[in-house]
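Morning, everyone. Let's get the model up on the screen and walk through the packing.

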Amino acid sequence: MAEQYTRLEMVINGRFITAGANRISEPVMNPATGDVLGELPHATAQELIEAADAAVAAFPAWRATSPYDRAIILRKTATILRERADHIAQVLTLEQGKTLVEAQAELAHAIDLFDWFAEEGRRAYGRIIPARALHIQQAAILRPVGPAAVFTPWNFPALTPARKLAAGLAAGCTLVLKASEETPGTAVEIVRALHDAGLPAGCANLVFGVPSEVSESLLAHPGIRKVSFTGSTPVGKHLMKLAADSVKRTTMELGGNAPVIIFADADYDLALSSLVAGKFRNAGQVCISPSRFFVHESLYDRFVQDFTTRAGALALGNGLDRHVQMGPLANDRRLEAMERIVADAEGRGAKICTGGGRVAGKGSFFAPTVMTDVSSQATLMCDETFGPIVPVAPFADNAEVFARANAVDAGLAGYVFTQSIANAQAASEGVDVGMLGINTLAVSTPETPFGGVKQSGHGSEGGIEGLHAFMETRLIVQG
Ligand code: NAD
C-alpha cells in the first residue's frame, strides 16, 4: 500500500525536506483501512521563519517576471500534473478516502485552475479614469499584494491548494502553503510539479506542523502581506484576529450549511438524482454540501421515501474499489461528530429513516443517514454537519422557507429546484448565500467566483475575483 503513496516532504526555498531521526513528524493514515501511509515532517520554528523569509526574498523577482512568463510556468505545471494524474488521484484517495472517480474529478478541476489562472494573470487590467483637467492622467493599476500565507483543509487536498497557488502565483505573489497534515501528499505532488515546471526557489513553499504554531509564526512575520484560509469558521475567526495585528489582507472560505429548497413545481427526478449524488459526494465533507433539505409539503412524503431508499442503497467501501459510491469519513473526529449530531437530533424527537451510525469493521465509515422531524434547535439544523447526514423537513410557503433557510450564521451555498421563473427569482433575492444553484449543484468552476456571505467568510476564490484577491489597487496620477 505505502509504495502507491508518495514521498512526504516540505519545500522551503526550493529545498525538499523529509522526515528524519531528529525531526518531529506525524503519521498520515488511510481512513479506509487505518493503515499508516507515511511519516510527515514538521517544520521547526526556525524553518517556519525561513519559509516566510524565502517567500519575501523571492517576491521582487517573481513580481518582476511578466505575466506572460509566469503563465508559461503555470501551464507547464498543469501539463506535468496531467501526466501524473493517475498517480496523484490515487494518493488523494489513499489519504482522504473519497472515491477514485471523485479524486480524478477534483484533480482535473485543480489542474484546470493552473491553466485558467495562467491566462487570467495576463488580463489583470486596471483602468484609466477621466480626469478633471485634460493634461492629467489617472490610472488605477493592479499590483500583487505581496508574500502570502495560505492554509488549506483536508476535504479537498488538490482543489484548495490549487485555488490559492494558481491565483497567487498568477498575480505575482509568492506563497507559504500549510496544507492539511491529514492529507498532505496531494499538496506535495502539486508543489513538486511547480518546481519541476521551473518555478524559482522560494516562490511556493510548503510547510507542515502543529496548525496553531504554524499560523502564529507565519502571521506574525512582517513580510507576509496576505492570508488566505479555507477551513472551519472558528479557526478563520482566530486567524482574522492574528492578521489584524499587522493589517494583513484576508480571504476567508469558512464553513457552510447549505439549504436546499424543493418547490412544488420542481423537476422531481432531477432534484432527487442531483441530491443523492451531491449530498454523499465526499461523504458530505464538502463546505457547499447540500445540508438542510426543505421539501414542499405536496412532495414531502414521496421525497423522503425515495431519497431514503436511494441513500440506503449506496455502496460504501474503500474509494480505490471501482464499485464504491461513498468512501469513509476522513478521520475519526468526524465519526464522533456524526454520532453526537445524530444523538442530539434523536434526543429532540427526530426519527431516523436510514443509517444513523458507524459501520462495523475497519476504517472510518458512517452510514448515509436520513432524518425527519428534526427540531430547528438541533445541531443538525443549526451547525455545519460536514458528513453524510440529511435532515428533511416539509414547508408550505415561500416566506416561511426562506426564513428557515436563512436562520443560520452560515451563508456559503444554497440550492433550489423549481421550474418557475417566479420562484427562481424569489429565491435569488430571498436566500442569503454567496452561491445559489438553481436546478443544479454545480456552483464551482475555475472561472466563477467561489465564496460566502455572513459567517461563511469574505472574499472569493476562482474567477477574476480570485485573482484580484491576491492584488491591490494603486492609483497613479500624472499631472
Ligand atoms: P479544525 O477547525 O480543527 O480544522 C480545520 C482546518 O484548519 C484543518 O485543515 C486544520 O489543519 C486547520 N487549522 C486548525 N487550526 C488551525 C490554526 N490555528 N491555524 C491554521 N490552521 C488551522 O476542524 P476539523 O476537525 O479538521 O474539521 C471540522 C470542521 O471544519 C468541519 O465540521 C467543518 O465545519 C470545517 N471544515 C470546513 C472546510 C471548508 O472547506 N470550509 C474544510 C475542512 C473543515
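Nine aromatic pairs are found in this structure. A pair here means rings of Phe, Tyr or Trp (its six-membered ring) with centres within 6.5 Å; planes under 30 degrees apart are stacked, over 60 edge-to-face, the rest tilted. Ground rules next. This is a predicted model, where local features need pLDDT of at least 70, side-chain atom pairs count only at pLDDT 80 or more, and totals for chains, interfaces and linings use all residues. Numbering starts from 1 along each chain as its sequence is written, and side-chain values use heavy atoms, with hydrogens and water left out.

Take Phe263 and Phe402. Their ring centres are 6.5 Å apart and the planes sit at 75°, so this pair is edge-to-face. Phe263 is in the loop between strand S12 (258–262) and helix H9 (268–279), and Phe402 is in helix H13 (residues 398–405), so the pair ties together parts 139 residues apart in sequence. Buried or exposed, Phe263 and Phe402? Both are buried. Buried is under 20% relative accessible area, exposed over 50%, partly exposed in between (1.4 Å probe, protein chains only).

Now Phe293 and Phe303. This pair is tilted, with 6.2 Å centre to centre and 55° between the planes. Phe293 is in strand S13 (residues 290–296) and Phe303 in helix H10 (residues 300–312), 10 residues apart. Phe293 has 0% relative accessibility, so Phe293 is buried. Phe303, also at 0%, counts as buried. Phe293 and Phe303 belong to one aromatic cluster with Tyr268, Phe280 and Phe307.

On to helix packing. The axes of H2 (residues 67–83) and H4 (residues 100–120) come within 8 Å and cross at roughly 165°. That makes H2 roughly antiparallel to H4; the cut-off is over 145 degrees, with under 35 roughly parallel, 65 to 115 roughly perpendicular and the rest oblique. Axes are lines fitted to C-alpha atoms, for helices over the stretch in contact, and angles run from 0 to 180 degrees between N-to-C directions.

Which residues of H2 meet H4? Ala71, Leu74, Arg75, Thr77, Ala78, Leu81 and Arg82. Across from them, H4 brings Ile111, Phe114, Asp115, Ala118 and Glu119. Contact means heavy atoms within 4.5 Å.

Last stop, Ile352 in strand S14 (residues 351–354). Ile352 is partly exposed, at 32% relative accessible area. Beyond neighbours within four places in sequence, Ile352 contacts Val342, Glu346, Val370 and Met371.

Conventions
Helix = DSSP H or I, 4+ residues; strand = E, 2+ residues; numbered from the N terminus.
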